[in-house]
Amino acid sequence: MNTIIDLVVRGGTLVESEWQGLADLFISDGVVAAVVAPNTPPPVGSEEANVIDATGLLVLPGGVDPHCHVGFTSGEYTSLDGYEECTKAAVFGGTTTIVDFAIPRDGEAPLDVARRQRAKADQGVCDSALHAAVVEWDPTVPEQLRTLCEEGIVTVKMFTTYRGESMASTDTILRTMQVLQDVGGMVVIHCEANAIIEEDQRRSADANELDAAHMAQTRSELAEASAVAEILAVAERLDAPVYFVHQSTPKVVDLVAAARRRGVKAYTEAVAHHLVLDDSKYLGEHPERYVCCPPLRSRETVDGLGQYLFNGEITTIGSDHCCYDSVQKTEYKHDVRHMPNGLPGVETRLPVIFSEYVSKKNLSVSQFVKLTASNPARANGIYPRKGALLPGSDADFALWDPTEEWTVRSSDLHMKTDYSPYEGMKLVGRPVTVAVRGQVVVADGILRGGANRGRHVPAGPVDLSIT
Ligand code: URP
Ligand code: ZN
Ligand code: ZN
């Protein structure tokens, strides 16, 4: 090897999605130059290399959060973070790439909105990719989608709900899938059947039960299952890939898994709060702080969903981060139809899942890496640049102490909000040093260097061989 090495990570246990073992990392100019046996001397000329001692720590590829809303507008409300704040919180939680959304409003062109949002990536502390979105079909959409794919935005978010805001018709969803399948792209879709949701909400209104304490009944499991079944049928008819965001019940994961066994290229994302928190939160002091779509489900459903992390039926874990604060969550807590939906979580996604599933339920660390970094990168066309520590990958890593015990306190977190859905939860394991492209950005609980180091990561075709 003739490359001059400028950073060596020594003594740690490197964990990839398919492998783990003692290994050192040689890093050159922000990229992994080599993965070598412990204590291998760096090549001649590398005498100035910095060395990070990772003894006793796990060396994980930085997390890739496939579902992260930055400055997201819904109804009257816009979530409170920009790229700097969101990515700062991300790196404190061990995530080094986020995938945000560019959602058109009021007839805006998807291409314009995506270009505008993409330009914000440079404000970040870490890198980001982007999902475009289609709401309304018009004759220019196919060309816009082809241009987006050429420009490295290959995933397109669609919604079967939120009438009057971002809901697309089944016809529009089918046509969008059809265009994307020819250009290496994929629809990523929020599935809840809007007609059933509106009926759920009418019934709750009749019973005077539209407040946050009754959130779970206002968006039924049936609504989710019905929309997933319809969209799977569309994808199967076209032989087009489809990725279901925030699937919240074993039933819908089963529908996707069964379709995959028939050869449909269909993938399941679960999000951290559906894997950990249950609907008893709606009976507590602040039910409004847990209002999200789909809502939190019963404990039995949460535990059932979690089982699918072990057998590969869930493809990725996202955060569905929406950084509203307690004031924004409170104003309409008497009527969830007008509330801002979504929970802050970009910083807690990895520690909460590590603690609840790796530390407490023996999920392997490799499977954790697969679900939270490698598969999200594959599904978004940015693997192995992101989501891996292979020669040529960006040197984005989290040195993880698997034994550290700590308690979630929103005042210790970095998200631009004043509450955490996990407040008071005792966790085991956390990232202690985090680097983005070979630059340490977090060490000893402190941010080293600030904004304006992030870059948009252009995506190639999505990897449809994900398992
Ligand atoms: O409640 C949620 N999930 N809000 C964010 C928008 C979405 O549906 O993903
Ligand atoms: Zn959604
Ligand atoms: Zn979302």
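This is a predicted model: local features need pLDDT of at least 70, side-chain atom pairs count only at pLDDT 80 or more; totals for chains, interfaces and linings use all residues.
Close-up 1. Donors are N, O and S atoms within 2.8 Å of the metal (3.2 Å for Na, K and Ca), and sites may look incomplete because water is not among the atoms.

**Close-up 2. H67 and D320.** H67 lies in the loop between β8 (63–65) and β9 (73–74), and D320 in the loop between β17 (316–318) and α11 (326–330), so the pair ties together parts 253 residues apart in sequence. Helices (H or I, at least four residues) and strands (E, at least two) are DSSP runs, numbered from the N terminus. H67 is buried, with 0% relative accessibility, and D320 is also buried, at 7% (buried means under 20% relative accessible area, with a 1.4 Å probe and protein chains only).

**Close-up 3. The two zinc ions.** The zinc ion (ligand 3) is 3.7 Å from the zinc ion (ligand 2).

**Close-up 4. Surroundings of S17.** S17 is placed in the loop between β2 (13–15) and β3 (20–22) and is buried at 10% relative accessibility. Apart from neighbours within four places in sequence, S17 contacts S366, V369, K370 and S374 (contact means heavy atoms within 4.5 Å).

**Notes.** Residues are numbered from 1 along each chain as its sequence is written, while chains are lettered from A and ligands numbered from 1 in the order in which they are written. Local features need pLDDT of at least 70, side-chain atom pairs count only at pLDDT 80 or more, and totals for chains, interfaces and linings use all residues; side-chain values use heavy atoms, leaving out hydrogens and water.

Definitions and conventions. Buried means under 20% relative accessible area, exposed over 50%, partly exposed in between (1.4 Å probe, protein chains only).
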